[in-house]
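Please read this report on a protein model with the sequence and the 3D view side by side.

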Amino acid sequence: MGIKAKDIHEDIAWQDMTVGCEIYEPGTSELTKTGEWRSRTPVWNPDVCKQCLMCTPYCPDSSIPVKDGKRTDFDYDHCKGCGICLEVCPFKAITWKDE
Amino acid sequence: MSIRERLSGNEAVATAMRQINPDVFAMFPITPSTEIPQYFAQYVADGKVDTEFICVESEHSSLSACLGAEAAGCRAVTATSSAGLSYMNEVLYVAASSRLPVVLAVACRALTGPININHDYSDSMAERDSGFIQIYAENNQEVYDNYLMAHRIAEHESVRLPLMVCEDGFITSHAIENIELEEDDKVKAFVGEYNPENYLLKKENPLAVGPYGISPYYMEARVAQAQAMKNAKKVILDVADDFYNTFGRRYSFFEAYKMEDAEIAMVIMGSSAGTAKVAVDKLREAGVKAGLVKIRVFRPFPSEELCEVLSNCKAVACMDKSEGFSAAGGPLFAETAGAVINAANRPKLIDIIYGLGGRDFTVYAANSVFERLQEIVKTGDVGEVYTHLGQRER
């Protein structure tokens, strides 16, 4: 119970794992860099972007952060490169780049 | 004071459940375990329990509902047999690896095919590697007593594994026998409340159950689970000691019957042990040093203890009531052979597959096995190691 998700890593002994791999705190998905799974990378072009914010709610991984009512650059630690943002962008402000 | 009653095995299990009053019973009926939820439904209707009684659409769902309830912090139970247990297969492994101590009553029944509703251990033996603790009973008294001990073993903090309380379909589940029941308040005091440290509904402490375990974690998780099964051995004995001190009936991993000086012995499980004991008694009267080991706890398997009790025997027959189709013997034989393999004076070992799909097992049949063992001792020749007993042959 004392063990935190950040303390569970690939070097710990089996004795230090939690029972049944339980995790005793919320929001730990941030610790897992799912961006490593990406094979293609969406690239945001702020010059073309009209800040319509269509892309943000469509992102299944909450990887398009919004600050002061405007989207900022991708959270590449967690973007899996699904490409939904490219599809929904009405202004072609997002393009592919191969990893 | 114990209460003298006469009950079927199923009613004994349902009575134990009523006394324990679990939080959740998720049920789907299948012969011969159906009476357990049937009796329990009556207790719910009569207000004798305040259990959440959920009728689901399959055994896969009944165990899944139990799993969810356990993760939420509840004590959850169910019952099944045969194809129902097979249908739970996937979820059995999830319950065990998530370390959720569901208690599952199994009225053991043959698996199809041919389709058959009678007793053997094909269903429970097929799940021997699921990570469930498995405890077997010879008669109604034992299945009741095993059930009273089940939750304490499964829920112990050093164990936290699900547990199957196994009884023999129809033979134990439906036959009515004399039984000593314990008083409700004494059972409640013995079993205690279930207060897990962490659970989904504990609002101060959000919990995630069953996360994905990639290769760098899976092996560690399995080793930890294997350790829990090893830990269960001590807990099973500790709970049995407390049970003896509280209710006066003694249990261990197995019952060693007339084994002190036995030269030939049978390793057997369940109701057949009662039949085989009569054969042992008759042989003893005739001066033959015969004995019997009735395995009660199959998971965790009591290897060291069994090796010790068999090490002075000259020939041992393992009695398998399920066909593993290994072409080399059944599961009880494989486990027993593994247990004695490093003993300095290990006995000659044979495997007898018997009693499949409710085929009767008689004192005469048991005696024929002991005669084979006597022949092995006399000639030193094991003969055919893996054979079947009780089938018609040309």
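Two residues are in contact if their C-beta atoms, placed from the backbone, lie within 7 Å. This is a predicted model, where local features need pLDDT of at least 70, side-chain atom pairs count only at pLDDT 80 or more, and totals for chains, interfaces and linings use all residues. Residues are numbered from 1 along each chain as its sequence is written, while chains are lettered from A and ligands numbered from 1 in the order in which they are written.

**One residue in a strand**

Start with B:Val165. Leaving aside its neighbours within four places in sequence, B:Val165 is in contact with B:Val13, B:Val103, B:Ala105, B:Val106, B:Ile135, B:Val143, B:Asn146, B:Tyr147 and B:Ala150. B:Val165 is found in strand β7 of chain B. Strands (E, at least two residues) and helices (H or I, at least four) are DSSP runs, numbered from the N terminus.

Is B:Val165 buried or exposed? A residue is buried if 20 or more other C-beta atoms lie within 10 Å of its own, exposed if 12 or fewer, and partly exposed in between; here too C-beta atoms are placed from the backbone. B:Val165 is buried, because 29 other C-beta atoms lie within 10 Å. B:Lys258 is 93 residues away along the chain, and the two C-alpha atoms are separated by 26 Å.

Two strands pair if DSSP finds at least two bridges between them. An open sheet of seven strands in chain B has the order β3-β2-β4-β5-β7-β6-β12, with mixed pairing. β3 (52–55) and β12 (297–299) of chain B stand at the edges, each with a single partner strand, so one side of each is left without a neighbour in the sheet. From one strand to the next, the twist averages 20 degrees. Such angles run from 0 to 180 degrees between N-to-C directions, and axes are lines fitted to C-alpha atoms, for helices over the stretch in contact. Within this order, β6(B) and β7(B) sit side by side. B:Ile133 stands opposite B:Leu163 in β7(B).

**The sheet of six strands**

Another open sheet in chain B has six strands in the order β9-β11-β10-β13-β14-β15, again with mixed pairing. Its edges are β9 and β15 (386–389) of chain B, each with a single partner strand, so one side of each is left without a neighbour in the sheet.

| Strand pair | Sense | Bridges |
|---|---|---|
| β6(B) and β7(B) | parallel | four bridges |
| β10(B) and β13(B) | parallel | four bridges |
| β10(B) and β11(B) | parallel | six bridges |
| β13(B) and β14(B) | parallel | six bridges |

Individual partners can be picked out. In β11(B), the bridge partner of B:Met269 is B:Ile295. In β13(B), the bridge partner of B:Val267 is B:Cys318. B:Asp320 stands opposite B:Ile353 in β14(B).

How many residues of β13(B) are buried? Six of its six residues are. In a regular strand the side chains alternate between the two faces of the sheet. B:Ala315, B:Ala317 and B:Met319 point one way from β13(B), and B:Val316, B:Cys318 and B:Asp320 point the other way.

**Two helices**

The expected span of a helix is 1.5 Å times one less than its number of residues. Helix α9 (residues 272–285) of chain B has 14 residues and should span 20 Å; its end C-alpha atoms are 20 Å apart, which agrees. Its buried residues are B:Ser272, B:Ala273, B:Ala276, B:Lys277, B:Ala279, B:Val280 and B:Leu283. They cover an arc of only 165 degrees around the axis, which puts them on the same side of α9(B). That arc is taken from the directions from the helix axis to the C-beta atoms. Their cover includes β10 (264–269) and β13 (315–320) of chain B. After α9(B) comes B:Gly287, whose phi is positive, near 85 degrees.

Helix α3 (residues 59–71) of chain B has 13 residues and reaches 18 Å from its first C-alpha to its last, close to the 18 Å expected. Its buried residues include B:Leu63, B:Cys66 and B:Leu67. The buried residues of α3(B) pack against β2 (24–27), β3, β4 (76–80) and α4 (82–97) of chain B. α3(B) is followed by B:Gly73, with a positive phi near 105 degrees.

**Where the chains meet**

19 residues of chain B are in contact with twelve residues of chain A. Helix α8 (residues 215–247) of chain B gives the most to chain B's side, with six residues.
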